[in-house]
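Q: Could you walk me through this one before I set anything up? I would like to start with how contacts are counted.

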Amino acid sequence: MAASQTLAEQLRAQGVSRRGFLKFCAATASLMALPPSLIPRIAEALEAARRPSVIWLSFQECTGCTESLTRSHAPTLEGLIFEAISLDYHHTLQAASGEAAEAARLQAMRDNAGAYLVVVDGSIPGPEANPGYSTVAGHSNHAILMETVEHAAAVIAVGTCAAFGGLPRAAPNPTGARAVMELVHDKPIVNISGCPPIPMAITGVLAHYLTFGRLPELDAYRRPLAFFGESIHDRCYRRPFYDRGLFAESFDDEGARQGWCLYRLGCKGPTTYNACATQRWNGGTSWPIEAGHPCLGCSEPAFWDAGGFYRAVSVPPRVNAAALLGAGAAGAALGAGTALAARHLTRDEQQHREPVTVEELEKKL
Amino acid sequence: MNGAMEFLLWTKGPMFQIALGIFAVGMLARLFEILLLGRATNHAEARAGEWLPGLRTVFTRTIPDPGTFRRAPFDVLVGWVWHLGFIIVLLLSVPHVELIAGVFGVSWPALPNPVIDLLTAITLAGLVAALLHRLLHPVKRRISIPQDYLVWALTFAVVLTGYLAYHRLVEPYPLALGMHILSAELLLICLPFTKLTHIFTTVFARWYNGAAFGRKGVRS
């Protein structure tokens, strides 16, 4: 695909009708919570958009994010839009390898300085960690990241590893894994968390960037509000069961069969912000809670260390019963000791008291 | 970076242990001290038993006599309303039942959330009314010491943060939940060393009262 072709030209070349394209624009507008009046503008902007150069950096990751994007429900309009960017560097997807691959990255950086997007998936061993934990072409992940983002327009951290450190950062974090936003401070960053993230969240952010030339509105964790603005719990179709106090107590009891709330089985829906409940997965087929499994909270920071996937949100990770009993025993001993000492003191005072008569006192005056 | 979530995990993990530990040491120390000290030996001949009148008083003193209600209807009514609301929300909301089940292994049915929500709002209103009364009533204001306000603030903070967390009025949510858990832990830590101890000592105090009167043959 020639980089000079506009998106409209490419879509037409791939047999996408104008009607289909507008449907995609309308879906994008509604996804991003934009008013319908903006649909023509999105269409106009997308049609005229030159394919932005995208450099995709894969660091300490499992390729799940790429799998989610490319294999979930192809071919769809989202897929085509995604192909319509100029993906100039991506380990898994690019044809080139070795020196040629690295040359492609450097070429894209030179040709599009100040305008290219950097997509990162995977966490990065921090500057203080041994650079040998993860390298590409002999360079540490940290060095490649800093070199690549220097002239980038924006950085998109795809997946929980890139956004928050994810699994590699889980205690005891042997590789000193860090999130992108801990290392890059002078560029606009969007976090699209999730393990993996919802494909539409990525295409939605890209469409927004192509349309308006800037990144969408973000939450406290720099995630696009359109996809991470509401908790799983608040949009869950099982929510009425939570409110009525109807819970599945195990994975095969009557409650589970009736589709009741999974809170007691450890659902992290209340603390998790993501669009699974509304977007669903596999082309809108289903999502974890619909399949009967509690939400793991994969789009939240530290989700791996948040204390047991199958323990309710309100339950502490673990209570040291022995220490607690010890503290109780110590308290009891302390109280008993104080009381006995006080009693002893009182008895002592009573035995050794020296009565004084009024006459004796008067004599002293 | 991951501040809010780390804060929540800290309140659920190490801080919860610390709070529970301080509470266990403090509360058992206070209870053992009080119970082992007992009362001064009464050398007078007993006119009646102690146990039954003691136990009866534990219950009868819970309901105010008509005289008290006439003299201070506000205190009786508002006190009852927010205490009941607090206890029901504490023991019968779903996350609390789960917490108790997770820590102590015993569980019971919970109330639906909208009911808990309403009771929380009533409790908050009751606590605000109680504070206003304390500030505006000339006698109450004079007999109040700083600790009274501390105890009020601790109690109010727990209920308020719970309400904020349930309605997601603080962003991000882990921060809201962490604040709620932390305020509950502060309450737990202060409980053995302030007037909050009444949660546990009320029963003994009433029993001592009833027993003392019973021994004299007086109905209390």
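A: Two residues are in contact if their C-beta atoms, placed from the backbone, lie within 7 Å. The model is a predicted one, and by that criterion A:Cys276 is in contact with A:Ile198, A:Ile232, A:Trp281, A:Trp287 and A:Pro288, once its neighbours within four places in sequence are left aside.

Q: Where does A:Cys276 sit, and is it buried or exposed?

A: A:Cys276 lies in helix H15 of chain A, which covers residues 276–279. A:Cys276 counts as buried because it has 23 C-beta neighbours inside 10 Å, and the threshold for buried is 20 or more.

Q: Which residues does UniProt list under "binding site"?

A: The UniProt entry, which is unreviewed, places that feature at A:Cys276, A:Cys295 and A:Cys298. These positions span 23 residues in sequence, yet no two of their C-alpha atoms are more than 10.9 Å apart, so they gather at one spot.

Q: And what does A:Cys295 touch?

A: Not counting residues up to four places away in sequence, A:Cys295 touches A:Ile232, A:Cys267, A:Lys268, A:Gly269, A:Thr272, A:Pro288 and A:Ile289. A:Cys295 is found in the loop between H15 and H16 of chain A, and it counts as buried because 28 C-beta neighbours lie inside 10 Å.

Q: Which domains does chain A have?

A: The domain assignment gives domain 1 as residues 50–227 and domain 2 as residues 232–305 of chain A. Separately, the unreviewed UniProt entry lists residues 228–307 of chain A as "domain: Cytochrome-c3 hydrogenase C-terminal"; over that span the chain is 25% helix and 0% strand, with the end C-alpha atoms 22 Å apart.

Q: How far apart are the centres of domain 1 and domain 2 of chain A, and how many residues are in contact?

A: The centres, taken over C-alpha atoms, are separated by 28 Å, and 14 residues of domain 1 of chain A are in contact with 13 residues of domain 2 of chain A. On the domain 1 side, the elements that give two or more residues are H8 and H10 of chain A, and by class that side has 9 nonpolar, 5 polar and no charged residues.

Q: Switching to the two chains, how many residues of chain A are in contact with chain B?

A: There are 44 residues of chain A in contact with 39 residues of chain B. On the chain A side, the elements that give two or more residues are helix H9 (180–183), helix H13 (239–244) and helix H16 (321–351) of chain A, and H16(A) gives the most, with 15 residues. The residues on that side of chain A divide into 26 nonpolar, 10 polar and 8 charged.

Q: What are the ipTM and pTM of the model, and what pLDDT does chain B average?

A: The model scores ipTM 0.75 and pTM 0.79. Chain B averages a pLDDT of 91, and 99% of its residues score at least 70. Among the elements of chain B, helix H1 (residues 3–12) has the lowest mean pLDDT, at 86, whereas helix H9 (residues 146–166) has the highest, at 96.

Q: Where does UniProt put the "transmembrane region" spans of chain B?

A: The unreviewed UniProt annotation covers residues 15–37, 80–106, 118–137, 149–166 and 186–208 of chain B. Residues 149–166 of chain B are 100% helix and 0% strand, with the end C-alpha atoms 25 Å apart. Residues 186–208 of chain B are 70% helix and 0% strand, and the end C-alpha atoms of that span lie 30 Å apart.

Q: Now backbone geometry: which residues does the cis peptide bond with omega of about 5 degrees join?

A: That bond joins A:Ala171 and A:Pro172, and A:Pro172 is placed in the loop between helix H8 (160–164) and strand E8 (177–178) of chain A. A cis peptide bond also joins A:Cys195 and A:Pro196, with omega about 0 degrees, and A:Pro196 is in the loop between strand E9 (189–192) and helix H10 (199–212) of chain A.

Q: What about phi of A:Arg222 and of B:Arg168?

A: Phi of A:Arg222 is near 60 degrees, a positive value in a residue other than glycine, and A:Arg222 is in the loop between H10 and helix H11 (225–228) of chain A. Phi of B:Arg168 is near 55 degrees, also a positive value in a residue other than glycine, and B:Arg168 is found in the loop between H9 and helix H10 (173–190) of chain B. A:Arg222 counts as partly exposed because it has 18 C-beta neighbours inside 10 Å, and B:Arg168 counts as partly exposed with 16.

Note on methods: Residues numbered from 1 in each chain as written. Chains lettered and ligands numbered in written order. Predicted model: local features only at pLDDT ≥ 70, side-chain atom pairs only at ≥ 80, totals over all residues. UniProt positions renumbered as here; feature names shortened; annotations may be inferred. Helix = DSSP H or I, 4+ residues; strand = E, 2+ residues; numbered from the N terminus. pLDDT = per-residue confidence, 0-100. Nonpolar A, V, L, I, M, F, W, Y, C, P; charged D, E, K, R; others polar. Buried ≥ 20, exposed ≤ 12 C-beta atoms within 10 Å, placed from the backbone. Domains from an automatic or database assignment.
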